[in-house]
Amino acid sequence: QVQLVESGGGLVQAGGSLRLSCAAAGRTLSTYAMGWFRQAPGKDREFVAAISRSTSGTYYADSVKGRFTISRDNAKNTAYLQINSLKPEDTAVYFCAADRTTSIYTLTTDVRDYDYWGQGTQVTVSS
């Protein structure tokens, strides 16, 4: 089992930027595809971005495409989400998740496919 810990959230004005980090412990991160999800109060957890084990494959929700960038550094056992041009509707708790897969090209947008989750970090965007 891998443990994931998110950090980097906070309060920021609209148009600002944040960089979220997801540090992994207990297992080598390279064996997992990684994803970022978010959950606003009263709403379901929604997909944000995913990256394959190889780092060659990425996928983004339409709502964040062009503003968010997912990346990973397997040597540091860390995944990242760079968030630019923040909007008030981006306000949510952001979770990183790990999907164990034998394929280095696999990624998924389905919350049910992810095996391990971090505790979440709050991102609040003021207008």
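Of the 127 residues of the chain, 46% count as buried, where buried means under 20% relative accessible area, exposed means over 50%, and partly exposed covers the range in between (1.4 Å probe, protein chains only). The structure is a predicted model, in which local features need pLDDT of at least 70 and side-chain atom pairs count only at pLDDT 80 or more, while totals for chains, interfaces and linings use all residues. Residues are numbered from 1 along each chain as its sequence is written, and side-chain values use heavy atoms, with hydrogens and water left out.

The overall picture comes first. The chain has zero helices and 11 strands, these elements being DSSP runs numbered from the N terminus (helices are H or I with at least four residues, strands are E with at least two). Read from the N terminus, the order of elements is β-β-β-β-β-β-β-β-β-β-β. The C-alpha trace spans about 45 × 25 × 25 Å along its principal axes. A compact globule with 127 residues would have a radius of gyration near 14 Å, and the 13 Å of the chain agrees with this; the radius is taken over C-alpha atoms, and the globule rule is 2.2 Å times the number of residues to the power 0.38. Among contacts between residues at least 6 apart in sequence, 62% join residues at least 24 apart, a contact being heavy atoms within 4.5 Å. The chain exposes about 6300 Å², of which carbon and sulfur atoms supply 46%; accessible areas come from the Shrake-Rupley method with a 1.4 Å probe, and for residues only the protein chains shown count as cover.

Strand 5 makes a handy guide to the local pairing. This strand, residues 46–51, is mostly covered, with five of its six residues buried. Strand 4 (residues 32–39) and strand 5 run antiparallel and are joined by five bridges; two strands pair if DSSP finds at least two bridges between them. Within this pairing, methionine 34 stands opposite isoleucine 51 of strand 5. The hairpin of strand 4 and strand 5 has six residues between the strands, and glycine 42 there takes a positive phi near 75°. Strand 5 also runs antiparallel to strand 6 (residues 58–60), with three bridges joining the two. Here alanine 49 has tyrosine 60 in strand 6 as its bridge partner. Strand 5 and strand 6 likewise form a hairpin with six residues between them, and threonine 55 in the turn has a positive phi of about 75°.

Side chains of opposite charge can pair when their charged atoms come close. With a salt bridge defined as a side-chain nitrogen of Lys or Arg within 4 Å of a carboxyl oxygen of Asp or Glu, the count comes to five salt bridges. Glutamate 46 and arginine 38 meet in one of them at 2.8 Å, N to O. Glutamate 46 counts as partly exposed, at 36% relative accessibility, whereas arginine 38 is buried at 5%. Arginine 38 also meets aspartate 90 in a salt bridge, at 2.9 Å, N to O. Arginine 38 lies in strand 4 and aspartate 90 in the loop between strand 8 (78–83) and strand 9 (92–100), so this pair ties together parts that are 52 residues apart in sequence. Aspartate 90 counts as buried, at 1% relative accessibility.

Another salt bridge is formed by arginine 112 with aspartate 110, whose closest N and O atoms are 3.0 Å apart. Arginine 112 is exposed, with a relative accessible area of 71%, while aspartate 110 is partly exposed at 23%. Turning to shared partners, salt bridges join Arg38, Glu46, Arg67 and Asp90 into one network.

Backbone angles in the loops complete the account. Most residues other than glycine have a negative phi, and most peptide bonds are trans. Asparagine 77, although not a glycine, has a positive phi of about 55°. This asparagine 77 is found in the loop between strand 7 (68–73) and strand 8, and is buried, with a relative accessible area of 18%. Serine 85 is not a glycine either, and has a positive phi of about 50°. The loop that holds serine 85 lies between strand 8 and strand 9, and serine 85 is partly exposed, with a relative accessible area of 40%.
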